[in-house]
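Subject: Handing over a structure

Hello,

I am passing a structure on to you. Please look through it, then read my notes below.

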Amino acid sequence: MRRKVIAGNWKMNMLPNEAMEFIEKLAPQVKDTDNEVILCVPYIDLFYSLLNVQETNIKIGAQNMHFKESGAYTGEVSGKMLKSIGVEYVIIGHSERRQYFAETDETVNKKIKAAFENGLKPIVCVGETLEQREEGKTKEIITKQTELALEGLTPEQVQNTIIAYEPIWAIGTGKTATAEDANNSIKSIRDKICQIYGQKIANGVIIQYGGSVKGENAKELFEMSDIDGGLVGGASLKPDEFAKIVNYDK
Ligand code: PGA
């Protein structure tokens, strides 16, 4: 049985004091869950958040990293740096980074490798645009993105990669893929992993759904056979709402 992993993606929101307050409110509400709870916070909040999640079951992730360890890359943060303060997870290849910051399948692949080299667990985002969907290309796009993201990883690394299927048209729009639709897309990603790495690895990989997940639709989505939790943007900014999502099975 795969575990459910529910990760918040705060994007460019929350000041350190707000992050600390958020964690104080969230922690008691999620302490009894069996689901994995992750908050992916802005760099500036990482250290404060890590201090405040001590003695809780909340894990902390970053939202991006550079693939080099160090060097003349003004404004960048490396996997080694994230690891040094105790960060566990890192989102890689979010569609907003692909769209606005020139992230490519190639840099995504390099970043995933660098994340593993530094002992970080990557949450890798894939997803189709509305145009690609309307052209009937969803499956082709998301399986190709997955294949290129995972290229050259060991089977063990593939098994430890979290994939977030996030249809771009559903992000921040209030539009959610139907549970069946999201499940089918996720199945096609799992099938691709099976084709390349075999059934055992494919059965173990956590694949989340992301795109307008809220308290009221989490249960329907997360109860589907292949959806292993969610990557949550807007609804992860309110502790009570995020707790509802984490506790969808209570
Ligand atoms: P949303 O964002 O939940 O606000 O749609 C999801 C994401 O971008 O990860």
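Here are my notes on the ligand and the pockets.

This is a predicted model, where local features need pLDDT of at least 70, side-chain atom pairs count only at pLDDT 80 or more, and totals for chains, interfaces and linings use all residues. Residues are numbered from 1 along each chain as its sequence is written, and side-chain values use heavy atoms, with hydrogens and water left out.

Start with the ligand. Around it are 13 residues, and K11, H94, E166, G172 and S212 come nearest (near: a heavy atom within 4 Å). The shell has four nonpolar, seven polar and two charged residues (Asp, Glu, Lys and Arg count as charged; Ala, Val, Leu, Ile, Met, Phe, Trp, Tyr, Cys and Pro as nonpolar; the others, Gly among them, as polar).

Now the contacts with ligand oxygen atoms. H94 places a polar side-chain atom 2.7 Å from one oxygen atom of the ligand. For E166, a polar side-chain atom also lies 2.7 Å from a ligand oxygen. G233 uses a backbone N or O atom, at 2.8 Å.

Where does the ligand sit? It is in the second largest pocket (a pocket is an open set of points on a 1 Å grid over the protein atoms alone, where a 1.4 Å probe fits, with protein on both sides within 12 Å along at least five of seven lines; lining residues have an atom within 4 Å of a point; to sit there, more than half of a molecule's atoms lie within 2 Å of the grid points). The lining of this second largest pocket has five nonpolar, ten polar and three charged residues.

The largest pocket is lined by 18 residues, with K11, M12, Q63, R97 and F101 nearest its centre.

Best wishes

Notes:
A polar contact is a pair of N or O atoms within 3.5 Å; within protein, one must be able to donate a hydrogen and the other to accept it, and residues adjacent in sequence count only if both atoms are side-chain atoms.
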